[in-house]
Amino acid sequence: MVDTPLVLGIESSCDETGVAIVHGTTVLANEVASSVELHARFGGVVPEVASRAHLEAIVPCLRRALATSKVSLAEIDAVAVTAGPGLMGALVVGVSAAKALSVALNKPLYGVNHLVGHVAVSIIENGPLPSPTLALLVSGGHTSLLLIRDITSDITEVGSTIDDAAGEAYDKVARLLGLSYPGGPVIDKLAATGNPTAIHFPRGLTAQRDMERHRFDFSFSGLKTAVARWVETERRAGHEIPVADVCASFQEAVADVLTAKTVAAAKAYRVRNVVLGGGVAANSRLRSLLEERCHAAGLRLRYPSPALCTDNGVMVAVLGAAMVSAGLPPSPLTLGADSGLPVETPLVG
Ligand code: KG4
Ligand code: ZN
């Protein structure tokens with residue numbers, strides 16, 4: 001068992017190619033190449049375009065990571081890679097590269113879960129996760145509440161979205177407002193100049209009748225439709241769309257539901273520690289409202305700095321390092337990419 005293993009982490013589940021090197025919980029290199037600009041004109045990620053971009057970026061990213069960290073491949077203790085969930089063709093690029101490195105270097109291979117990586121990345125700035133911790137995971141494709149007793153081996157999903165993910169809602173609303181892709185950062189910025197109480201948009205699955213079956217679940221598709229209807233009605237009436245107010249009001253609805261359910265779940269499961277993770281965790285309003293509500297409820301909150309919230313190799317490397325430190329057996333060399341890897345499976349055995 002190595003306490004501070006030197007781990008190479010590879011991420012390629014969506015539109016960011018990430019290669020990082022960590023020494024235990026210290027980041028030695030964090031290289032990210034994004035293909036987001038190639039997808040922007042389509043208003044969403046085009047899987048084939050993403051796969052090709054990963055192929056082109058992965059070796060240069062690896063070279064840069066080795067150069068910045070001044071680490072040689074021979075010194076690496078283990079190779080960690082996102083095995084899923086994500087786009088199949090994109091995942092395969094990272095998994096193949098990681099397997100090749102593992103064989104060539106004769107070093108253990110850890111196929112880890114991308115979503116769990118989004119939570120694990122907070123270890124870099126805030127140290128080991130207290131047990132138990134409640135995680136609010138909000139990314140482009142997933143929205144879940146996770147009860148985590150051990151990030152390497154004991155994760156229970158206590159709630160998730162029944163339709164769109166939070167990030168997906170941001171991307172779709174941005175599209176209908178004619179804003180650029182990805183929608184999150186643009187809406188976040190515009191919302192800062194708008195009035196969050198200008199329009200009251202619905203808070204999905206918060207009505208009394210939903211509490212029994214969906215107490216800790218989320219729904220954002222009704223919210224997206226409500227924004228679309230509101231905008232359409234205003235356009236038909238010939239009114240100019242107050243884009244900043246729409247953004248601020250939409251963002252307030254998202255942040256309100258996410259934070260209210262997180263605090264309620266923490267209370268119900270008697271958990272005092274909360275962690276925020278995933279691309280949407282970079283959202284300024286979500287961070288401030290969650291901080292406010294956690295503070296009021298006596299909960300301790302941690303969240304990664306914005307640059308570590310979106311996809312990167314560090315989240316993979318640090319989760320891999322945690323697996324090595326826990327003495328867990330590595331993944332077999334038959335490891336495959338699993339586009340639907342469940343969030344409760346942190347490591348593919
Ligand atoms: O976790 P991530 O980088 O990729 C996935 O694993 O899906 O998340 C990407 C999502 C996108 O939907 C993007 O619009 C959203 O995160 N996002 C944000 C912000 N930055 C990125 N959403 C809201 N506010 C932001 N500042
Ligand atoms: Zn992600």
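1. A nonpolar core, as the term is used in this note, is a set of buried Ala, Val, Leu, Ile, Met, Phe, Trp, Tyr and Cys residues joined through side-chain atoms within 4.5 Å, where buried means under 20% relative accessible area, exposed over 50% and partly exposed in between (1.4 Å probe, protein chains only). The model is predicted, with local features requiring pLDDT of at least 70 and side-chain atom pairs counting only at pLDDT 80 or more, while totals for chains, interfaces and linings use all residues. Residues are numbered from 1 along each chain as its sequence is written, chains are lettered from A and ligands numbered from 1 in the order in which they are written, and side-chain values use heavy atoms, leaving out hydrogens and water.

2. In the largest nonpolar core, which has 45 residues, Leu136, Val138, Phe201, Phe250 and Leu258 touch the most other members. At least two residues of this core come from each of E6, E7, H6 (166–176), H7 (183–191), H9 (221–236), H10, E9 and H11 (284–296), and H10 gives the most, with eleven residues. Helices (H or I, at least four residues) and strands (E, at least two) are DSSP runs numbered from the N terminus. Another core, of 34 residues, lies apart from it and includes Val121, Leu319, Met323 and Val324.

3. Leucine 136 is in contact (heavy atoms within 4.5 Å) with residues that include Leu145, Phe218, Leu258, Val275 and Leu290, its neighbours within four places in sequence being left aside.

4. One open sheet has five strands in the order E8-E7-E6-E9-E10 with mixed pairing, two strands being paired if DSSP finds at least two bridges between them. Its edge strands are E8 (154–160) and E10 (300–302), each of which pairs on one side only. Strands E6 (133–138) and E9 (273–277) run parallel and are joined by five bridges, with alanine 135 standing opposite valine 275 in E9. Helix H10 (243–268) lies across E6, E7 (143–150) and E9 and runs at about 160 degrees to E6; axes are lines fitted to C-alpha atoms, for helices over the stretch in contact, and angles run from 0 to 180 degrees between N-to-C directions.

5. Serine 249 has its place in helix H10 and counts as buried at 1% relative accessibility. Its side chain reaches the backbone nitrogen of isoleucine 199 at 3.2 Å, and a polar atom of that side chain lies 2.8 Å from the backbone oxygen of aspartate 245. Residues touched by serine 249, not counting those up to four places away in sequence, include Asn195, Thr197 and Phe201.

6. A further open sheet is formed by five strands in the order E3-E2-E1-E4-E5, again with mixed pairing. Strands E3 (26–34) and E5 (109–113) each have a single partner strand, so one side of each is left without a neighbour in the sheet. Six bridges join the antiparallel strands E1 (6–11) and E2 (16–23). Helix H2 (47–69) lies across E1, E2 and E3 at about 25 degrees to E2, whereas helix H3 (88–105) lies across E1, E4 (78–84) and E5 at about 155 degrees to E4.

7. Histidine 118 in helix H4 (114–120) and aspartate 311 in the loop between H12 (306–309) and H13 (314–325) are 193 residues apart, so that the pair links distant parts of the chain. Histidine 118 counts as buried at 1% relative accessibility, and aspartate 311 is buried with a relative accessible area of 14%.

Conventions: Polar contact = N/O pair within 3.5 Å; in protein donor to acceptor, adjacent residues only side chain to side chain.
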